Each structure stands twice: as structure tokens, then as C-alpha cells.
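Here is a short briefing on a predicted model. It takes up a helix crossing, then domains, then a chain interface.

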Amino acid sequence: MRVPLGRIAIARSGDKGDTANIGVIALAELAYPTLVKEVTEHRVKQHFSGICHGRVERFELPNLAALNFLLHESLGGGGTVSLMLDAQGKTFGATLLTMEIDAPDDVIAACGRVTSGEAPGRPTAAHREEADG
Amino acid sequence: MAEAGRKVRVASGQGFWGDWQEAPKLQVRKGPIDYLMLDYLAEITMSIMQKQRQRDAGSGYARDFVDLALDLAPDLVERNIRVLTNAGGVNPEACREALVAGLREASTGRPLRIATVHGDGLMERLDSLIAAGHELRNMETGEPLATIRDRVYSANAYLGQAPLLEALERDADIVITGRSTDTALTYAALAHEFSWASDDWDRLAAGVVAGHINECGAQAAGGNTMFDWRGVDLVAPGYPIIEASADGGFVVTKHPGLGGRVTWATVSEQLVYEMGDPAVYITPDCVADFRSIRLRDLGDDRVQVHGVKGSPRTDQLKVSIAYHAGWKATGTLTYAAPEALDKARRADEILRARLAALDLEFDEIRTEFVGAGACSGRVPERAAELPEVELRVGVRGTDRPAVERFTRELAPLILAGPPSVTGFAGGRPRVQEVMAYWPALIDRAAVEADLRVEVVEAR
């Protein structure tokens, strides 16, 4: 199904000089492969075509079911040099979550259960003990 | 063994200069903690403090901290809590003197021992360092510092745990540093308490992860969280607390009874904040691999972190340099519907034509339409129906009079421009100095030889 990325992930963004970073975290671990497949460097660059004038780099963090993106040349020079309203890229995470992606129905359903509070987003202590036992 | 089960609690009290002043008081008074870390310094903060110090030799540090420490002093003694802070900015000595003077009027039960860390400031040594072959090349552009040497405002090396450990070993109650890394303010406490070896890379890396979680205050405890943001009580949030064990494992938590929230989501969000390559998180004391972090949400605002791997520290320290890079000003006007965006665009065209007619030259003129995609860079569908749009224009250049003149060209648009405009009550935009950031590396030996810790007793 075609959905905004925000249906299966949350994000936080920040700055280092003229480079913005966006960390994208899957709501359910089941959604991580979808992130890896759908949220590519190319698609992120396209989504930020009005903002990102450099390259986009992607790093994988399977341990957190997360991806980290570096958007180079995206903050108008960065720091106090920048004339941008969002000179620190604080809102970029929210902007990325509006990107449309293709996600399998079971992934969307699993993330929906996390959002509604029916299921935990990550294995809890109780879950792990069951699995270990 | 008692040691095996012993926990040390390091509480985060401030995430930046200007953070919520009540947070550290709640951390100290609303539950048990052993250490309070207070981070005041962002990349550009040092240059602001340097400017203040040039005007007044007794300034150049976070004054907020002195008021806070005086308020908290009796509690620190009573509850046996030690404070680690980089509030000293570019003048730790002045910060200490203000605190010592204030403590003379306070009744704390016993004298407080206050340590200051000196030697991160490289400003006075800059020319001799350059002459000795330290080029201090910009990590992003590769240019040597010599190209902008005459415009440098401040230069400080990021220090790690060594001076903090010395201060704690000398029984300091309060440690005031200049440009310590934010993370060291947390992990130095753990390394001290658990006597971690300086080459115990895994434990130090675990401490770095703990420090990264603590360094932005509420951000790890529900502030800015996207997960169920409506459901988080942020009126009086409990800031994060690291509850660490000797093996480097720790639980992120907060005081019960306060707002905020600690879950897999809030901790994960903070972990990815301002992240570069997650495999190579470089600090003065080790390199942490954020791909090794294991999280487990224990419920009840407790998230366990374990499994962190580290590798040896590098031979260099990062240096944060700020230099003068011209002047800038930004002003706004608001246009109402119908056709709000078109009106704002026309106003921008008129403004730019007038600036061109005046032969004003700028390095950059930037126009944004707030409400019409200024943050996202994406103009919304149905832009014609927007109820209002804020025109935001900024200029930047080396010619201060040109920037001054720009600040006088916005108001004329109110009468001599497109209709239905408002929002100029604040008057002319202010001209600001542009302080650019120059990140560089330096051999650690060139800095570490000059580090010095002073401890004084305030009574």
C-alpha cells in the first residue's frame, strides 16, 4: 500500500555545520526492511530537492531498526552564517515523514498496533524472557 | 559483592544555554541522584561568550549557572551530589569567582570544593601553534586556518575526561570546565566511580552513549518526541537520569512523579540526534560504535542500554574555532488572503528591485515564504488558498552599511507595496554579526601538556 513514511516510522533531525542529519526509526522492528528498501539516498535527495544541494549519505542501524541520513550542503552554510528559517534542520525529520512509500499490509498493520498502544514498539523485558525461555 | 550491584545515577539538568531553569532543581530535589551534569555549550556559544568577555573581562561564562548553583548549594551538601558542568565557557575562572563570592552569603553546612579546568582555550597560543606547524585545516573545506587567522574570535579544544577525573579525585563538589565535550560530563562521573581504565574502550564507549543521551536535556525524556507527542506531559518534565552499573550497562530513567516519558522511542530518537557515521562516534577518550547499542524497554520509564562496543581513542582532539564572516539581517512581513502567497512574492520582487537600484551588494539574499513550505522546501498544493503567508527576507554580506540599508527597505513595503500586509510592529530588523564555525583537528599532545585543574574551597 502507498502510505506516508510517517505511518511506519518516527524521525529526529539536527545539524553539524552545513550538513543536516535525519534519523529515521521504524515503529515496529518488522518495518525495518521496508525502510531499508524504500528510503534510499536517491529518494531522500529527491524529496529534499529544494533544500539539499549536496549528496545524501545513508547509514544503517539494524540494532535500533533505524537509518541515519546525512544531507550535505543543506543548511545555507550552517550555524549563524545561514539565513534559513530552519538553519539547524530541526524540522527535516517531519518533512521526510511526509514522503510516500510502498509498504506491505502486514508492516502497516504492525505499526498501527504500536501507534494505537495495542503492541509495544520494541520487545520488552517480558517478551525477551519468553523468547529466551 | 556490594560493588557488583552498585548503581551510580548521573542526572541531566541542562541541554543548552537557555534551557529550563527548573529542571536541575527538580533533578536534585525530587529523587535520588549522585551527579548532576549541566551542558551549556553549543558550537557557536563559545564565540558569543568570547564577545562578551571582550566587552567585560569578568564575563564570558554562563551566568545562569551561578544563580542555579547558589540556589542548589545547600541541597548538594545535604544530599551529597556532585556537579559537572561546562558553564565556564571562555572564562571558567570568572565563573568560579562569581560562585565563590555568592557562596560567602550562603549557608551550606560545610565548605564546597570547586574545581576549574584550564587549557582548552587556544586563542592566545594560536600564532605559536600555527608557527609550530599546526595548520588547523577546516575539516570540511581542507583550508588552513592561516586564510582567516586575523578574523578568529575564539578557538577551543574539546577536552575529554582526564581533567574531570583529576578534579573528582581531588574531592571537588562542583567542577567547572570550558570546552569539555558534552558527553564527558556524564562518563567522567562513571569512570571515576567505577575506576574504569583509560583503555577500557567498551566501558568508555558505553559512557559516551550515556553522555549522548544526557546531553540534550529533555530530548531523551519525551521532549520533541514524535511518538504519541500529545500524550506526553511536558509542563514539568523529568529530565533523563542515567543509572549505571560498573560493567558499563545502564538504564535511562527519570524521577517518578514528574512529567516527561522514557521509552524505546524517546531514547532511540535522542540516540540518532546529530549523528554522523554511527560506526565512528569520535570522542577524546574512545571511538564508540552506535551500531552495537542494544535497547530494551523495561516499562515504567526505564530503558536498558547494553552491549556497547568501543575502540581506541585517536591521536587528535577536535578544535572549535569561530571567526568573523560579515553581517546579516532578516526581516518579515505578513500578507493575508486572498492570494496571500502571490502578494508576498510580488513584495519580494519589488524589494529586490529596489535593492538592485541602490547598487547594494550582498553575498546572499534569501527569501522564504513562511506558511508556504519554508521549512520543507516544498510549496503546498492549493497554495493559492493559504490564509496568510509571512514573507521572510534575509541578506548577508561583508559590507555593514549595505546590510544596514537593507533593514530600512522593508517598512516602505507597508504603504508602497501589495495590499493586506501587517506584522511590522517589531520595527526594523537588527543587524547581526555573522560568526562562522571552523572545525579543525590538533595533535592531542599540543593541548594536553598545558591542561591544569585548580581546586578552591568556598566558605
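H8(B) crosses H9(B) in a right-handed sense (a crossing is right-handed if the near helix is turned clockwise from the far one by less than a right angle, left-handed if anticlockwise). Helices (H or I, at least four residues) and strands (E, at least two) are DSSP runs, numbered from the N terminus. The model is predicted: local features need pLDDT of at least 70, side-chain atom pairs count only at pLDDT 80 or more, and totals for chains, interfaces and linings use all residues. Residues are numbered from 1 along each chain as its sequence is written, and chains are lettered from A and ligands numbered from 1 in the order in which they are written.

**Helix pair**
- Helix H8 (residues 184-194) and helix H9 (residues 201-214) of chain B pack at about 140°, with axes 7 Å apart.
- Axes are lines fitted to C-alpha atoms, for helices over the stretch in contact, and angles run from 0 to 180 degrees between N-to-C directions.
- H8(B) contributes residues including B:Tyr187 and B:Leu190, and H9(B) residues including B:Leu204 and B:Val208.

**Domains**
- Chain B is assigned domain 1 (2-120 + 158-314) and domain 2 (326-435); such bounds come from an automatic or database assignment.
- Their C-alpha centres lie 41 Å apart.

**Interface**
- In chain B, 48 residues are in contact with 36 residues of chain A (C-beta atoms, placed from the backbone, within 7 Å).
- E11(B) gives the most to this side of chain B, six residues.

Notes: Contact = placed C-beta atoms within 7 Å.
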